[in-house]
Amino acid sequence: MKSLTLAIMLFIFISAHANADQALSMKSGCAGCHNMDMKTVGPSVKDIAAKHKGGNVDELVAIVKKGKAANELTWGTIPMPASPAPEADVRKVIEWMLSQ
């Protein structure tokens, strides 16, 4: 019984953490262009996770903070604007995206 209670508490903690990071992606503006399952203005969160699985989070944070011009993109033709969100928030969102 004790292990079941611990497992339930762990699941709730992980779910709450994932939901908080997803909410942070909306607050930071990422969700305006990146849908969870399908391409909209930008690639989907799941496509980003698949492409950058095991990637360098620091490099991805730098890209998001700087933005990318249309001629720099490796994905589509719409430029990605630089994110005005705090770097710590960008890092959390990227880590959440890569965990999907």
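Modeller: Of the 100 residues of the protein, 28% count as buried (under 20% relative accessible area; exposed is over 50%, partly exposed in between, with a 1.4 Å probe and protein chains only). This is a predicted model, where local features need pLDDT of at least 70 and side-chain atom pairs count only at pLDDT 80 or more, while totals for chains, interfaces and linings use all residues. Residues are numbered from 1 along each chain as its sequence is written, and side-chain values use heavy atoms, with hydrogens and water left out.

The protein has four helices and zero strands. Its pattern along the sequence is α-α-α-α. Helices (H or I, at least four residues) and strands (E, at least two) are DSSP runs, numbered from the N terminus. Take the contacts between residues at least 6 apart in sequence: 51% of them join residues at least 24 apart. Contact here means heavy atoms within 4.5 Å.

Now the salt bridges. The structure holds four. Each is a side-chain nitrogen of Lys or Arg within 4 Å of a carboxyl oxygen of Asp or Glu.

Start with arginine 91. Its side chain meets that of aspartate 58 in a salt bridge, at 2.8 Å, N to O. This pair links distant parts of the chain: arginine 91 sits in helix α4, aspartate 58 in helix α3, and 33 residues separate them. Arginine 91 is partly exposed, with a relative accessible area of 25%. Aspartate 58 also counts as partly exposed, at 47% relative accessibility.

Arginine 91 has another partner, glutamate 87, with 3.9 Å from N to O. Here both residues lie in helix α4, four residues apart, about one turn of the helix. Glutamate 87 is partly exposed, its relative accessible area being 45%. Through shared partners, salt bridges join Asp58, Glu87 and Arg91 into one network.

Another bridge pairs aspartate 37 with lysine 46, at 3.1 Å, N to O. Aspartate 37 is exposed, with a relative accessible area of 54%. Lysine 46 counts as partly exposed, at 43% relative accessibility.

Last, look at the loop between α3 (57-66) and α4 (87-98), where alanine 82 lies. Alanine 82 is partly exposed, at 41% relative accessibility. Leaving aside neighbours within four places in sequence, alanine 82 is in contact with Val64, Lys65, Lys66 and Gly67. Between alanine 82 and lysine 65 there are 5.0 Å in space, C-alpha to C-alpha, though they are 17 residues apart in sequence.
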